[in-house]
Amino acid sequence: MGIVGGRQQAKLRNMAEYLLGIDLGGTNIKIGCFDTDLKLIGKISVPTGTDMGPESIVEEFHAVSSELLKRHELSLADVSAVGIGSPGLVNTIKGIVEAAPNLPLFKNVPFRDLVAKRFGKPTILENDANAACWAEYVIGAARGVDHMIMLTLGTGIGGGIVSDGKLIHGPTGGAAELGHVIIYPAGRSCPCGQNGCAEAYASASSTVARATEAVQNGAQSSLTTVLEAQKKITCKGVFEHAGNGDSLANEIVDGTAKALALLCLQMVKTTDPHSIVFAGGMIAAGDALLDRIRHFYKQYIGRLFKKDHLRLCFAVLGEDAGITGASALAQTACKS
Ligand SMILES: [Zn+2]
């Protein structure tokens with residue numbers, strides 16, 4: 001018996017059964033094709049041109065998707081829906097990207113409708129952190145629970161909340177800006193205009209900024225030679241030096257973990273999740289990070305609020321979470 005390709009399989013079933021998940025990042029556009037069980041059929045990543053306007057990004061989506069489908073003996077006729085995860089401020093209800101810091105030409109763009117029109121498919125638009133959160137909820141680290149929170153630790157801190165099996169959006173899609181929950185009033189300034197946000201302490205870039213400032217202010221540390229030789233300190237470097245016993249690096253990592261523990265504390269009292277899932281580049285630090293968050297969380301949480309069901313854990317889907325979540329949301333939207 002010969003091998004039956006994807007297109008033939010779809011034809012045999014006589015229906016469009018594939019989903020396209022698009023992760024629009026400031027650096028890369030990633031597009032994945034999934035089957036109805038959310039199994040990844042294939043993916044392509046291309047650089048994002050930051051000088052590209054919404055229309056040319058949509059054209060790029062279409063060209064890259066067509067190429068991806070072709071590689072797997074499929075075509076757009078085999079696709080039932082398209083999901084997009086976008087950075088920045090996204091009004092999910094109206095399908096509008098209000099603003100995206102890394103995409104300067106995106107201002108109040110009706111992006112969902114632009115993509116839907118070009119592809120001729122039902123399309124959903126979601127904030128990228130929410131899309132990744134949904135993926136971990138549906139098939140990832142929080143599979144099987146109905147209440148979870150995800151915190152993505154990168155340049156900033158992205159948040160997503162699933163409560164009673166639903167992503168929480170608020171009236172305009174502005175919910176779950178968890179990186180901007182204030183944990184230290186009158187603390188470090190945050191680009192959002194507030195002081196003391198979790199993001200100003202615990203994002204990868206804030207962790208690096210705190211380490212750099214301490215070294216520049218004369219703190220004794222093995223990171224001093226790194227800063228002198230390489231002109232910069234990396235987040236990975238801070239964790240490595242902490243692991244090698246450098247006391248300043250350990251103080252900095254503790255500061256990151258304390259901020260995340262405080263953020264978890266607020267979240268537990270807000271939605272009482274089963275799981276708080278950490279994602280993003282920083283989780284490469286492994287137990288050196290997770291054990292410390294758990295340690296400080298236990299230290300801070302009040303007796304009344306201790307929850308036996310709470311699990312603090314790492315995401316499992318890695319960089320495919322965005323495209324997986326966008327596809328899963330597109331699938332759900334088609335069913336409803
Ligand atoms: Zn902030």
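**Notes on a two-domain predicted model**

1. The centres of domain 1 and domain 2, taken over C-alpha atoms, are 29 Å apart. The domain assignment puts domain 1 at 6-135 + 320-335 and domain 2 at 144-316; such bounds come from an automatic or database domain assignment. Before going on, note that this is a predicted model, where local features need pLDDT of at least 70, side-chain atom pairs count only at pLDDT 80 or more, and totals for chains, interfaces and linings use all residues. Residues are numbered from 1 along each chain as its sequence is written.

2. How do the two domains touch? Eleven residues of domain 1 are in contact with 13 residues of domain 2, contact being C-beta atoms, placed from the backbone, within 7 Å. On the side of domain 1 that touches domain 2, β5 and α4 are the elements that give two or more residues. The most comes from α4, with five residues. (Helices, H or I of at least four residues, and strands, E of at least two, are DSSP runs numbered from the N terminus.)

3. Have a look at A132, which sits in helix α4 (residues 128-139). Is A132 buried or exposed? It counts as buried because it has 32 C-beta neighbours inside 10 Å. The cut-offs are 20 or more other C-beta atoms within 10 Å for buried, 12 or fewer for exposed, and partly exposed in between, with C-beta atoms placed from the backbone. Leaving out residues up to four places away in sequence, A132 touches M150, T152, G160, A279, A321, G322 and G325. Its C-alpha is 9.7 Å from that of G158, 26 residues apart along the chain.

4. Now the sheet of five strands. It is open, with mixed pairing and the order β11-β10-β9-β12-β13; strands pair if DSSP finds at least two bridges between them. β11 (166-167) and β13 (311-314) are at the edges with a single partner strand each, so one side of each has no neighbour in the sheet. Strand β10 (residues 157-163) runs antiparallel to β11, joined by two bridges, and V162 has L167 as its bridge partner in β11. Helix α4 packs on this sheet, touching β9 (148-153), β10, β11 and β12 (275-279), and its direction makes about 50 degrees with that of β10. For that angle, axes are lines fitted to C-alpha atoms, for helices over the stretch in contact, and angles run from 0 to 180 degrees between N-to-C directions.

5. Another open sheet has three strands, ordered β5-β6-β7 with antiparallel pairing. Its edges are β5 (89-91) and β7 (107-109), each with a single partner strand, so one side of each is left without a neighbour in the sheet. From one strand to the next, the twist averages 15 degrees. Three bridges link β5 and β6, with L89 opposite A99 in β6. Their hairpin has four residues between the strands, and G95 there takes a positive phi near 75 degrees.

6. K30 has S45 as its bridge partner in β3. Five residues lie between the two strands, and L38 in the turn has a positive phi of about 60 degrees.

7. V82 is in contact with L20, I22, V115, F119, K121, T123 and A330, leaving aside neighbours within four places in sequence.

8. After α9 comes D272, with a positive phi near 50 degrees. Helix α11 (residues 321-335) is mostly covered, with eleven of its 15 residues buried, including A321, G322 and G325.
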